[in-house]
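Thanks for coming. I have one structure to go through today, and I will keep to what can be computed from the atoms.

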Amino acid sequence: MERRAPLRSSAEPTKITIMQGQARASGDTSLEYTTILGSCVATCLFDPVAKVGGMNHFLLAEPPSNRDPEHFDEHYGLFLMELLVNETLALGAKKSRLKARLYGGANIRDGLAPIGSANAAFARSFLLRESIELTQEDLEGRHARRVHFLPSRGLVRCRTLNDEPLPMQQPLRRPKSAGGDVELF
Amino acid sequence: MHKATRILTVDDSPSMRALLMQALTAHGFDVEQAEDGVEALEWLATNEVDLVITDINMPRMDGFGLIENLRGSARHTDRPILVLTTESSDEKKKRARDAGATGWIVKPFDAEKLATAVRRVTH
């Protein structure tokens, strides 16, 4: 489904903004997920059989090339990816049927560590390792993007925001609630 | 020197398996890995471990099924089983506890906290 289908159906969809650190999935035909990306990356997953889709939005701190790999919180990125996959599975999707699209990962300017590219690379390598097919990507470059995704149909519209400054997005730190707490029964 | 604690991790995600392998071997544990509950049971039929760490959402047999199966076998009645999951609902946690899990750890895991928990339940 490479065509850019109009996102309009009989009724205007209910728009839900996916914020950084979130992962949501739905099969509701009246919903549209939307987000604005600078260096952040959004993953859209879709199962064409279950007609269920989901989106996440993240920016992991510091690229691994930046000497200190500890600052690149791969654990947290993996968690947000797994959360997204699990959200779709809970609605009847099968991992083997999932198709992925990736957006965002823009790099702000020369001289800074290319954090957008590092996040894009993380997302690509995650999909590769998990054998989830990447059907489309619009990643890196220098411009912000606005993404619209219809989760029940798997349709994406990604618009490059040429005239707007890249939103300054702070890398994601894990919330305190995501501290890997252990509870022994 | 005593023998290293042997752990079986069960998770369908290759990325998560790689992270667990790295974190646990760095703490000196001996790590074996299975991709889901079915593979874990097959491996455990002929191998011994000190501890099982399992995910919940997996194809073929999920973490609940694995725990129930292990607790149904005399060999594994007292085997420590830690659940490591993205799930955070009290209902799922209660289900794991009722099935016989030893503990519950939410992802993203912290390598130090995980290692401490492993030592506590296997000492």
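I will take the contact between the chains, then the salt bridges, then the cavity, and end with some backbone details.

First, the ground rules. This is a predicted model, in which local features need pLDDT of at least 70 and side-chain atom pairs count only at pLDDT 80 or more, while totals for chains, interfaces and linings use all residues. Residues are numbered from 1 along each chain as its sequence is written, chains are lettered from A and ligands numbered from 1 in the order in which they are written, and side-chain values use heavy atoms, with hydrogens and water left out.

Now the interface. Counting contact as heavy atoms within 4.5 Å, chain A puts in 21 residues and chain B 27 residues. Together the two chains bury about 2,200 Å², with 59% of it on carbon and sulfur atoms. Buried area here is the accessible area, taken with a 1.4 Å probe, that two parts lose on being put together, summed over both. On the chain A side, 30% of the buried area comes from His75(A), Leu184(A) and Phe185(A), more than from any other three residues.

What about polar pairs? A polar contact is a pair of N or O atoms within 3.5 Å; within protein, one must be able to donate a hydrogen and the other to accept it, and residues adjacent in sequence count only if both atoms are side-chain atoms. Ten residue pairs meet that rule across the interface of chain A and chain B, both residues being at pLDDT 80 or more. The elements of chain A that each supply at least two residues to the side touching chain B are H1, helix H2 (115–129) and strand E10 (182–184). H1(A) has the largest share of that side, eight residues. Helices (H or I, at least four residues) and strands (E, at least two) are DSSP runs, numbered from the N terminus.

Next, salt bridges: a side-chain nitrogen of Lys or Arg within 4 Å of a carboxyl oxygen of Asp or Glu. Glu183(A) pairs with Lys93(B) at 2.7 Å, N to O. Lys107(B) and Glu82(A) also meet in a salt bridge, at 2.7 Å, N to O. That pair runs from the loop between strand E5 (103–106) and helix H5 (111–122) of chain B to helix H1 of chain A. In that loop of chain B sits Pro108(B), and the peptide bond from Lys107(B) to Pro108(B) is cis, with omega near 0 degrees.

Which residues line the largest cavity? Among them are Glu82(A), Phe126(A), Asp12(B) and Asn57(B). A cavity is a set of points on a 1 Å grid over the protein atoms alone where a 1.4 Å probe fits but cannot get out, and lining residues have an atom within 4 Å of a point. Helix H1 (residues 74–90) of chain A gives the most to this lining, with four residues.

Last, the backbone of chain A. Lys51(A) has a positive phi, near 55 degrees, and lies in the loop between strand E4 (41–47) and strand E5 (52–58) of chain A. Glu140(A) also has a positive phi, near 65 degrees.

Technical notes. On a 1 Å grid over the protein atoms alone, a cavity is a set of points where a 1.4 Å probe fits but cannot get out, and a pocket is an open set with protein on both sides within 12 Å along at least five of seven lines; lining residues have an atom within 4 Å of a point.
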